[in-house]
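Hi,

Here is the structure I promised to pass on. Have a look at it first, and then read my notes below.

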Amino acid sequence: MRYDYIEPFVTSTIRVLGGVLQSNITKGEVSLTESGWPAGDIAIEVPLFGDSEGNVVLNMNTATAVKLSARLNGNAGTSLSPIGMDALSELINMIAGNAVSVLNDEGFDFTMSPPSILVRKNSGEQTSLLEVFRIPFLTDCGDVTIQVTLRTH
Amino acid sequence: MAHSVADIDKKDFRCLIADDSAFARRNIATVLERLGGSVVGEATNGLEAIDLYEKLRPDVVLLDITMPQLDGVETLRKIMERHRDAKVIIVSSLGHKEMIWKAICLGAKSFVTKPFNAEYAGMIIRDVVTGTIGGMK
């Protein structure tokens, strides 16, 4: 996968997350892995199409998801409500949209579909082997990971 | 000189919001209500937006691009084909130059990129509603 596809997702995540949380976001070490279920149990995907196809996934554990969605909704939520999940979906929609816009302004051609919540498959189920960039970010609500998978035509 | 949303004269205007995210619709509604607008309809996709536009004839439409069934670009095209005087503002996470140009050429009055600053979005909405800005014909 081309690294120039990845950088806009890093900068977009820092800008969008930092903006909506009004706090500093720290990027962790980027890793390249093979496809598979992300580490946290909450995963929301935005499918990507165009010059390359794949997706970008927002991933975190439930405790972080509850804190983050409560901050976005301006409440003191103690569980993940439908509007809480919707706020997280909108968050990855904004991250992906801003990144795709940067790529398109650089001359690439990408489009995206609306976000959808990923459901964990059976642990024994095989997935196709694709390169996945995992980029962890430390926020004051907990750790979140952005996972970018793009298959070159 | 910068204006704040609080400075805007209250003027009742009717709004349609089209966005597949309830969270996003609520954020936009908050800005509209601070301006004195009332949300008369909410659509979760482009087809619903067209249908609600025909029924409600709102003063302004806040339209997302990335939506299921019919995206915002095609929705804008269909609304403008039938109603050249429609006031549509695109509110989208996609904000690259080509997309903005396409939307304005199709008749959108303005374009707000998400995540938006509420004060800025409020000024854009006010200017479109009052006719201060109006895109291209």
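Let's start with a pair of helices: α2(B) and α3(B) are roughly parallel to each other (angles under 35 degrees count as roughly parallel, over 145 as roughly antiparallel, 65 to 115 as roughly perpendicular and the rest as oblique). Bear in mind that this is a predicted model, where local features need pLDDT of at least 70, side-chain atom pairs count only at pLDDT 80 or more, and totals for chains, interfaces and linings use all residues. Residues are numbered from 1 along each chain as its sequence is written, chains are lettered from A and ligands numbered from 1 in the order in which they are written, and side-chain values use heavy atoms, with hydrogens and water left out.

Back to the helices. The axes of α2 (residues 46-56) and α3 (residues 72-82) of chain B come within 9 Å and cross at roughly 20°. Axes here are lines fitted to C-alpha atoms, for helices over the stretch in contact, and angles run from 0 to 180 degrees between N-to-C directions. Helices (H or I, at least four residues) and strands (E, at least two) are DSSP runs, numbered from the N terminus.

Which residues make the contact? From α2(B) they are B:G46, B:A49, B:I50, B:Y53 and B:E54, and from α3(B) they are B:T75, B:K78, B:I79 and B:R82 (contact means heavy atoms within 4.5 Å). By class, that gives four nonpolar, two polar and three charged residues. Ala, Val, Leu, Ile, Met, Phe, Trp, Tyr, Cys and Pro count as nonpolar, Asp, Glu, Lys and Arg as charged, and the others, Gly among them, as polar.

B:R82 and B:E54 also form a salt bridge, with their closest N and O atoms 3.5 Å apart (a side-chain nitrogen of Lys or Arg within 4 Å of a carboxyl oxygen of Asp or Glu). These two residues sit 28 residues apart in the chain. B:R82 counts as exposed at 51% relative accessibility, while B:E54 is partly exposed at 30%. For those words, buried means under 20% relative accessible area, exposed over 50%, and partly exposed in between (1.4 Å probe, protein chains only).

Now for the other salt bridges. Over all chains, a search of the whole structure finds 11. One of them pairs A:E90 with B:K114, the closest N and O atoms being 2.8 Å apart. A:E90 lies in helix α3 (residues 82-105) of chain A and B:K114 in the loop between β5 (110-113) and α5 (118-130) of chain B, so the pair joins two chains. Are these two residues buried or exposed? Both A:E90 and B:K114 are buried.

B:K114 also meets B:D19 in a salt bridge (2.8 Å, N to O). B:D19 is in the loop between β1 (13-18) and α1 (22-34) of chain B, 95 residues away from B:K114, and B:D19 is buried too. Shared partners join A:E90, B:D19, B:D64 and B:K114 into one network.

Take a look at B:S110 as well, which lies in strand β5 of chain B and counts as buried at 10% relative accessibility. Leaving aside neighbours within four places in sequence, B:S110 contacts residues including B:V88, B:I104 and B:I133.

Finally, chain B overall: five helices and five strands, in the pattern β-α-β-α-β-α-β-α-β-α along the sequence. Of its 137 residues, 54% count as buried.

Cheers
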